[in-house]
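Subject: Handing over the structure

Hi,

Here is the structure I promised to pass on. Have a look at it first, and then read my notes below.

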Amino acid sequence: MPYIPTTDQDRETMLKSIGVPDVDSLFADIPASVQIPGLNLPAGQSEAEVYEHMHRLSHRNSHDLISFLGGGYYDHFIPACVDELSARSEFYTAYTPYQPEASQGTLQAIFEYQSAICRITDMEVANASLYDGGTALYEAAMMAIRLTGRRKILLDSGVNPIYRNILVSYTSNLAVDFEEIPVVHGQSDRERIIQALDDKTAAIVLQNPNFFGAVDDFSDVIESAHRKGCMAIMSVYPVSLGLLKTPGQMGVDIVTGEGQSLGLPLSFGGPYLGFMASRMDHVRKMPGRIAGATIDGAGRRGFVLTLQAREQHIRREKAMSNICSNEGLCALRALIYLSWLGKHGFKELANTCAQKAEYAKTRLSAIPGVGVKKSAPTFNEFTIELPCEASGLVSRMIDRGFAPGFPLGRYYQGMDNYLLVAVTEKRTREQIGMFAETLEGVL
Amino acid sequence: MIPKDAYYTKDHEWLKVNGDEATVGITDHAQEALGDITFVDLPKVGKVLKAHDSLLVVESVKAASDVYAPVAGTVSAINGALGSAPELINQSAQGDGWICKLKPFDASAVGSLMTADQYEAFLAEH
């Protein structure tokens with residue numbers, strides 16, 4: 001097939017057959033006042049010229065920074081096998097083929113990915129993935145609304161503010177009431193949450209560790225929610241599950257999260273990976289594709305998409321969601337990453353992240369004028385208080401080769417001097433030391 | 001063939017009045033058209049419905065279809081057996097495969113539904 005699907009001749013033939021002199025006359029009904037006079041598109045360039053142009057553009061990025069930046073997306077090491085296996089031509093496609101007769105490999109990979117998500121979250125059923133952590137959280141809120149028939153969502157302000165923005169904007173034309181419960185000293189205000197739970201509340205949305213890095217056990221809040229007939233939704237950082245109490249153990253009903261940390265590079269917003277897991281009781285209200293294992297006519301194990309009556313191509317406008325899709329290739333990378341690590345490696349990774357973060361806390365708290373918040377235990381990310389504005393410090397640190405963290409003032413009022421610092425297994429003792437020294441130097 | 005003791009809708013629901021309670025289900029024609037029924041998303045007892053509101057969803061191997069309330073009413077009982085045995089609808093659409101009961105229900109609207117004879121004629125036309 002030619003790259004340009006319609007040639008001048010094709011166009012001529014089509015215009016002739018419908019009796020129109022030229023393409024412009026097809027748009028004659030649009031008033032001239034609202035027509036675009038022309039686009040400022042430069043003339044076409046050769047492949048080499050385009051390559052050179054893009055190369056120059058990419059060099060305007062800050063690159064090779066030593067990253068202590070998190071806020072939901074983390075600089076983890078990606079083993080070579082993830083690129084190698086996911087790039088195999090049998091898998092490498094922008095679209096995910098689902099026909100069981102032609103796509104057993106893809107369907108098996110999705111099934112195994114779902115199984116891996118269930119194992120790390122301690123939940124019973126996972127879907128084939130969603131766009132990203134934020135949209136997955138939106139889908140979870142809508143799922144809770146469907147299951148409870150209630151319209152109020154309690155939002156802990158310790159939930160990633162980017163995700164909260166997504167939730168509010170996605171539902172701006174739907175009848176959903178949000179009530180935000182502010183954190184106190186960076187921790188969930190459990191008493192206020194418990195008081196706010198009522199018979200209109202569909203769900204409480206929590207995050208663990210929360211955006212400030214605080215680790216919590218929400219079992220009591222979740223128990224209170226269930227007593228009021230409310231569901232509990234929790235957004236989690238998957239790597240933390242190698243060490244922390246799991247959402248399943250806390251009694252969570254719907255778990256979501258950002259899967260970028262599982263073998264996906266940080267790439268200016270994506271493509272990333274939303275994951276979602278729940279209890280089998282709720283599976284029919286779950287959005288997205290679900291792969292299932294079955295037996296074929298000859299008694300052999302095989303894989304299919306299952307419970308499709310929930311979905312857009314069958315239920316049309318009444319589907320569980322009409323704005324979700326599977327991130328097949330990203331989910332495959334997460335599966336390869338988790339399989340490569342294995343249970344032991346996954347725990348070791350979590351431990352290493354937590355220990356390095358503790359070391360970074362020690363080094364940073366030794367800097368005069370810098371305070372490390374210690375009101376709650378943390379995993380690999382924590383909040384520090386600076387004697388100056390965090391956003392200015394970020395610029396000064398970037399000039400010196402460090403992405404020092406996320407300035408909290410960007411989303412939280414009165415927190416201009418606070419910086420969120422993340423540490424992954426990639427950060428060496430030397431890098432953490434250099435980071436502390438450089439930070440002290442620019443204060 | 002079509003039970004005379006019930007009333008029918010164009011969406012192939014049936015409604016049978018028993019004193020102050022009405023039983024609702026889908027017709028034999030509907031189950032035949034749907035094929036093997038795999039899941040019935042039973043409504044909650046206490047659900048209040050206007051006429052033609054979506055009452056529940058029936059999933060079959062071919063499709064997922066809404067079942068509408070033939071008349072206004074409140075769900076007073078559901079056929080819990082359908083939870084583990086949705087095939088009861090295929091086996092006995094107007095018997096053991098009943099779906100739910102409405103009480104109270106809008107008795108005045110029953111007259112606007114089709115009788116068995118009218119429904120039979122309706123099926124013949126469509």
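A term you'll need first: an angle under 35 degrees counts as roughly parallel, over 145 as roughly antiparallel, 65 to 115 as roughly perpendicular, and the rest as oblique. Two packed helices are described by the angle between their axes and the distance between the axes. Axes here are lines fitted to C-alpha atoms, for helices over the stretch in contact, and angles run from 0 to 180 degrees between N-to-C directions.

Some housekeeping. This is a predicted model, in which local features need pLDDT of at least 70, side-chain atom pairs count only at pLDDT 80 or more, and totals for chains, interfaces and linings use all residues. Residues are numbered from 1 along each chain as its sequence is written, while chains are lettered from A and ligands numbered from 1 in the order in which they are written.

Now the helix pair. In chain A, the axes of H12 (residues 390–399) and H13 (residues 429–442) come within 10 Å and cross at roughly 120°; H12(A) and H13(A) are therefore oblique to each other. Helices (H or I, at least four residues) and strands (E, at least two) are DSSP runs, numbered from the N terminus. On the H12(A) side the contact is made by A:Leu393, A:Arg396 and A:Met397, and on the H13(A) side by A:Thr438, A:Leu439 and A:Val442. "In contact" means that C-beta atoms, placed from the backbone, lie within 7 Å.

Next, the domains of chain A. The assignment, which is automatic or from a database, gives domain 1 (66–76 + 342–442) and domain 2 (80–337). Their centres, taken over C-alpha atoms, are 27 Å apart. Across the boundary, 23 residues of domain 1 are in contact with 22 residues of domain 2. Helix H11 (328–365) and strand E12 (381–385) each supply at least two residues of the domain 1 side, and H11(A) gives the most, with seven residues.

Finally, chain B. Where does chain A meet it, and how many residues are involved? The contact takes four residues from chain A and four residues from chain B. Chain B has four helices and nine strands, in the order β-β-β-α-β-β-β-β-β-α-α-β-α along the sequence. Its radius of gyration is 13 Å, close to the 14 Å that the globule rule gives for 126 residues, so chain B is as compact as a globular protein of that length. That radius is taken over C-alpha atoms, and the rule is 2.2 Å times the number of residues to the power 0.38.

Cheers

Note on methods. Contact = placed C-beta atoms within 7 Å.
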